[in-house]
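Let's take a friendly walk through a protein model. Keep the sequence and the 3D view side by side as you read.

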Amino acid sequence: MAKSSDYLVGLDLGSYRTRCLVALEEDSHLRFISHGSAPSRGWARGVIADQDPVLASVEAAIEEAERNGGMVIESAVVGVGGGHIHGNICHSYVNLSAAGEEIRQEHVDDLVKAAAQAPLSSDRTAIQVVPLEFTVDQQITVKNPRGMKARRLDGHAQVVSAAAQAHNNVHAVVNRAGIVVEETVFEAFAAAQAILEEQERELGVAVADMGAGSIDLVVYVDNDLRLAMGIPLGGDHFVNDVAEVMRTSRADAEMLIQQYGCATVDETPSNVSVEVPALSDGRPQTYPRRLLNEVLRARAEEVFGVLGRELRRAGVRDRLIGGLVLTGGLAALAGACDVAEDVLDCNARIGLPPRIEDLPDQLDQPGWATAMGLVLYGQRLRLHRKRRREKAREWLKAIFE
Ligand SMILES: Nc1ncnc2c1ncn2[C@@H]1O[C@H](COP(=O)(O)OP(=O)(O)OP(=O)(O)O)[C@@H](O)[C@H]1O
Ligand SMILES: [Mg+2]
């Protein structure tokens, strides 16, 4: 029987839904155990504005997952996203023995640690430090310096940081729910673990986790994390636009988008209409379906235009041979990939969670990819820790033998 600490738990805190996914590693493959989710409240512009309603949502999602799985959740890998997240490329170096020394994993780890401590303003917290490339003795640049002999090792790393206050609030809410935070992970980075093929990272690929409050973006080129940022645009903007144009409530606008919405217009017949209650008196009003889709298309073009500008600014706009992968709840908007392809002139596809054993069909949706990525991140984290423990054991054995 599995212990509580054996479970891999991904907790995706979003401004629209909190999602919790539990899996177990068995013979190095993952088996789905349970999930829970609850609507969110208490967020504003992609950050926690009021902890209490967020806590209620986190507790509801956790309790549902515990009930479904017949187990107790003690710790989780937790997602952080939002417009306050961005990555910076930092440089650091370590001096090795003056006579030259073989570069080992520890040296690489020291370098990554040094990069993590690179000066960030006091209001920011580093959440991911991802090594990019290394320079050996200031001469040759390599991806993997292990085993080479050198006197000095330089390295560049992508340091993804979050606004300290926003990050602390996520931590505090999860702790208040009685859950230990194993690690906080940028949500698009987590989603990328779940939906990308190795080859896509080589070719050049962007992942956009499209939520309600933000679009979290990562880009890989030559297997390197070249861009990480949150863009403060998301499904909320689509819902607000439709509510405003159709003079209806946000809840009705959202229902309309999910049932009838499409971000392309060409195939929408001009004589089909949709019915929606008026905000003023709740009476049904009729609008052409084409109008709904025109509103969605205009916003989608703007969103992908902003994405394109950020990609260009980072110098990766023309490097996306592997295309763009859309995930998160908003990726389910019909026609989103078509608009992305038109605006960005690259292939676009939807990223779904990988089909691990026993995964229920209802989780086969882009909204669950990030939670699955957090579980996969947790799996790698444990493997890494296990290796370190084994190394430490070998080292101690060598001392005492
Ligand atoms: N079928 C659909 N068509 C269009 N939009 C959809 C659909 N399903 C969900 N959405 C939109 O997706 C958004 C929610 O996505 P998601 O659940 O990924 O958000 P979140 O992770 O809670 O938010 P965030 O990460 O920004 O804090 C909402 O704006 C919702 O209206
Ligand atoms: Mg999200």
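The sections below go through a sheet, its helices, a hairpin, the nonpolar core and the ligand site.

## A predicted model

Please keep in mind that this is a predicted model.

## The five-stranded sheet

Start with an open sheet of 5 strands, whose order is S3-S2-S1-S6-S13 and whose pairing is mixed. Strand S3 (29-39) and strand S13 (180-186) each have a single partner strand, so they stand at the edges and one side of each is left without a neighbour in the sheet. From one strand to the next, the twist averages 20°.

Now look at one pair within this sheet. Strand S1 (residues 8-13) and strand S2 (residues 17-26) are joined by 6 bridges in the antiparallel sense. As a reminder, strands of a sheet pair through backbone hydrogen bonds, and they can do so parallel or antiparallel.

## Helices on the sheet

Helix H3 (residues 164-176) packs on the sheet, where it touches S1, strand S6 (75-80) and S13. The direction of H3 makes about 145° with that of S13.

Helix H10 (residues 369-400) lies across S1, S2, S3, S6 and S13. Relative to S1, helix H10 runs at about 140°.

## A hairpin

Strand S17 (residues 273-277) and strand S18 (residues 284-288) also pair in the antiparallel sense, over 5 bridges. Here Val274 stands opposite Tyr287 in S18. Between the two strands of this hairpin there are 6 residues, and Gly282 takes a positive phi near 75°.

## The nonpolar core

Which residues touch the most other members of the largest nonpolar core? They are Phe186, Val207, Leu217, Val218, Val242 and Leu326, out of 113 residues in that core. Helix H8 (residues 289-313) gives the largest share of this core, with 8 residues.

Leaving aside residues up to four places away in sequence, Val218 touches Ala188, Phe189, Ala192, Val207, Leu225, Leu227 and Ala228. Helix H4 (residues 187-195) is mostly covered, with 9 of its 9 residues buried. Among the buried residues of H4 are Ala188, Phe189 and Ala192.

## Around ligand 1

Finally, turn to ligand 1, which has 25 residues around it. Gly14, Tyr16, Gly211, Gly235 and Gly329 come nearest. Helix H6 (235-245) and helix H7 (250-260) are the elements that give two or more residues to this shell.

How many residues of the shell are nonpolar, polar and charged? The shell divides into 7 nonpolar, 15 polar and 3 charged residues.

Methods:
Residues are numbered from 1 along each chain as its sequence is written. Chains are lettered from A and ligands numbered from 1 in the order in which they are written. This is a predicted model: local features need pLDDT of at least 70, side-chain atom pairs count only at pLDDT 80 or more; totals for chains, interfaces and linings use all residues. A residue is near a molecule or strand if its C-beta atom, placed from the backbone, lies within 6 Å of it. Helices (H or I, at least four residues) and strands (E, at least two) are DSSP runs, numbered from the N terminus. Ala, Val, Leu, Ile, Met, Phe, Trp, Tyr, Cys and Pro count as nonpolar, Asp, Glu, Lys and Arg as charged, and the others, Gly among them, as polar. Two strands pair if DSSP finds at least two bridges between them. A residue is buried if 20 or more other C-beta atoms lie within 10 Å of its own, exposed if 12 or fewer, and partly exposed in between; C-beta atoms are placed from the backbone. Axes are lines fitted to C-alpha atoms, for helices over the stretch in contact, and angles run from 0 to 180 degrees between N-to-C directions. Two residues are in contact if their C-beta atoms, placed from the backbone, lie within 7 Å. A nonpolar core is a set of buried Ala, Val, Leu, Ile, Met, Phe, Trp, Tyr and Cys residues joined through C-beta atoms within 7 Å.
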